[in-house]
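Subject: The structure for you to look at

Hi,

Here is the structure I promised to pass on to you. Please open it beside this email and follow along as you read.

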Amino acid sequence: MNLSELEAAVFRGLDESQTSPVYWSQTDVDAALNEGVECLAEASEYNELSETLGLTAARTYYNLKALLTVADRFLRVTRIWNPVASRWMEIVTIRELDEETYARWERTPGEPQNAIIRGLWWLGIFPRPTASTGTLTVYFAALPVPLALPTDTPGFPQEWHRGIVHYALYDLLAQSGETAKAIEHFKHFLEYQAGLVAYVKQRMRKDRVGVIGA
Amino acid sequence: MPKTRLQVQTEVLYRLGDTAQDIWSSAEVQSSMQEGYDLLCLLSAVLWSRSWLDDVAGQGTYTLPTDLLEIERATWDTVRLIPLRNPELQDMDGQYETTQGAVEYYAMDGDGLRILRKYRVPSATVAYVAASVVGTWGAPRTFHEITDDGTSGTWGLPRSIPGQTVVGTWGIARRAFTVSPDTNTRIEYSRRGAALIADGTEFEVPDWVVKTIRFYCLWRALERNGPGQDLALAAHYRDRWLEGVERLKGRISKKLASRVGVMGGTGETKTRHMHGVLPWNFGRIVR
């Protein structure tokens, strides 16, 4: 469903005319729909992206919120590739760096091999680069760009688009004080959300054979 | 663009259907907003910062920054300081309050809620050194020798550098920047966001996190006694607030996505350690 179809579904659910709405404006509906997409994206992390991060000499920590083009839409890092060393960087904890590498690991120069995440968006690397010429490919989950044009379509399969409609109905009915109806729509939204989360996490479910301990 | 206090206040009142503020005043919403913001930062540790806790010769105790919530790590000369309790310090050195030397441990135990004690007591006051200025004209554009924080924006003049003191409130920096040497105490900690003191004050957390603070405001507004009370909807927003906080905490701790856990295994990675591993008790007091 594109944005236009989603809007139409919401107005139908509100029993409101889309061409001359009385209580709810197009802006209200669009805001509610985009928040629904945002909630689904946040829960499922379906929007998987990658960007190149330039390294700076002698710098250990990088603010991903400022350096990645997605900015505030950044959710979390999933993996990092070092093209110079041709290896995946191992994401470790600060404790492992303190106890299993050098005591002064923050000052140790070299080709980055390990990464740590501090807070939500600070990326730390070890060792720290000696020149400002290297790059890392950062793979991460992010929120999608909000739907704006009538032809814009959410980036996940259409089987779960109805969940966005339920979220919008919940949000708008809650604003008008129709609590019972709102909560009912929210429950339906949660079902779609759970379905999308399961779909994203188990994409290879049918073909892959899992082994405990492997 | 980060959301501002006024934007979130407007959203909350709009969703309550009370833009005229007949039932809920802007002051009430702002108070809930600040509360929710503070709680979110405390529970999730979403905001991470580093700052120097400058060594002063002969001074053992230091007051922590007011926005500090919890220390995650402390270092001296970039080496991690081991946190100890005061009884452990007493066992190690009966004169721990006055023994001077390199700082190796710290304690936050019994000297005051926001007081950190360094052991040993620094023997020298930190002396900031001048960072080199490249060129004789133009405006400084990068500060990676001073801070790990990225440059925000692509035009204008730098107005602040995290962890450094800005002298004056106007003009262009003319003298060389000074930086702390590594032989100083540095703390890494989770903190609360800057107080929402004005309508234009921006949240330091992303917009998708600010949504959770909005749920907190709606919960509080709908819960309180009055003509607008709706306990069922208040309970729903409370659940959304709690879920938002838990999801944020989970996202912050879900940083080991690339690690493969093995049932019954030690959880260690399969790659070889880069360097030899020292004995577990190397350099520490063992009882």
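This is a predicted model: local features need pLDDT of at least 70, side-chain atom pairs count only at pLDDT 80 or more; totals for chains, interfaces and linings use all residues.

Residues are numbered from 1 along each chain as its sequence is written, chains are lettered from A and ligands numbered from 1 in the order in which they are written, and side-chain values use heavy atoms, with hydrogens and water left out.

**Where the two chains meet**

Chain A puts 57 residues in contact with 55 residues of chain B, where contact means heavy atoms within 4.5 Å. About 5400 Å² is buried between the two chains, and carbon and sulfur atoms give 49% of that area. Buried area is the accessible area (1.4 Å probe) that two parts lose on being put together, summed over both. On the chain A side, A:E42, A:L120 and A:Q175 lose the most area to chain B, together 11% of what that side buries.

Salt bridges also link the chains: the count between chain A and chain B is 14. The term stands for a side-chain nitrogen of Lys or Arg within 4 Å of a carboxyl oxygen of Asp or Glu. Side chains of opposite charge can pair when their charged atoms come close. One example joins A:E38 to B:K211, at 2.7 Å from N to O. The side of chain A that touches chain B has 25 nonpolar, 12 polar and 20 charged residues. In this sorting, Ala, Val, Leu, Ile, Met, Phe, Trp, Tyr, Cys and Pro count as nonpolar, Asp, Glu, Lys and Arg as charged, and the others, Gly among them, as polar.

**Two helices of chain B**

Helices (H or I, at least four residues) and strands (E, at least two) are DSSP runs, numbered from the N terminus. Helix α5 of chain B covers residues 231–253, and its 23 residues reach 33 Å from first C-alpha to last, close to the 33 Å expected at 1.5 Å a residue. That expected span is 1.5 Å times one less than the number of residues.

Among the buried residues of α5(B) are B:Y237, B:W241 and B:R251. Buried means under 20% relative accessible area, exposed over 50%, and partly exposed in between (1.4 Å probe, protein chains only). Their cover includes α2, β3, α5 and α6 of chain A, together with α2 and α4 of chain B.

Helix α2 of chain B has 19 residues and reaches 26 Å, close to the 27 Å expected. Its buried residues, including B:M33, B:Y37 and B:L40, pack against α1, β3, β10, α4 and α5 of chain B. Just after this helix, B:A45 takes a positive phi of about 55°.

**Some salt bridges to find**

Over all chains, a search of the whole structure finds 36 salt bridges. B:R251 pairs with A:E45, with the closest N and O atoms 2.9 Å apart. This pair crosses from helix α5 of chain B to the loop between α2 and β1 of chain A. Are its two partners buried or exposed? B:R251 is buried at a relative accessible area of 5%, and A:E45 is buried at 8%.

B:E243 is partly exposed at 31% relative accessibility, and B:R247 is partly exposed at 21%.

**Two threonines in chain A**

A:T108 sits in the loop between α4 and β6 and is buried, with a relative accessible area of 15%. A polar atom of the A:T108 side chain lies 3.1 Å from the backbone oxygen of A:R104.

A:T69, in the loop between α3 and β3, is exposed at 67%. The side chain of A:T69 makes a polar contact with the side chain of A:E51 (2.4 Å).

Enjoy exploring!

Key
A polar contact is a pair of N or O atoms within 3.5 Å; within protein, one must be able to donate a hydrogen and the other to accept it, and residues adjacent in sequence count only if both atoms are side-chain atoms.
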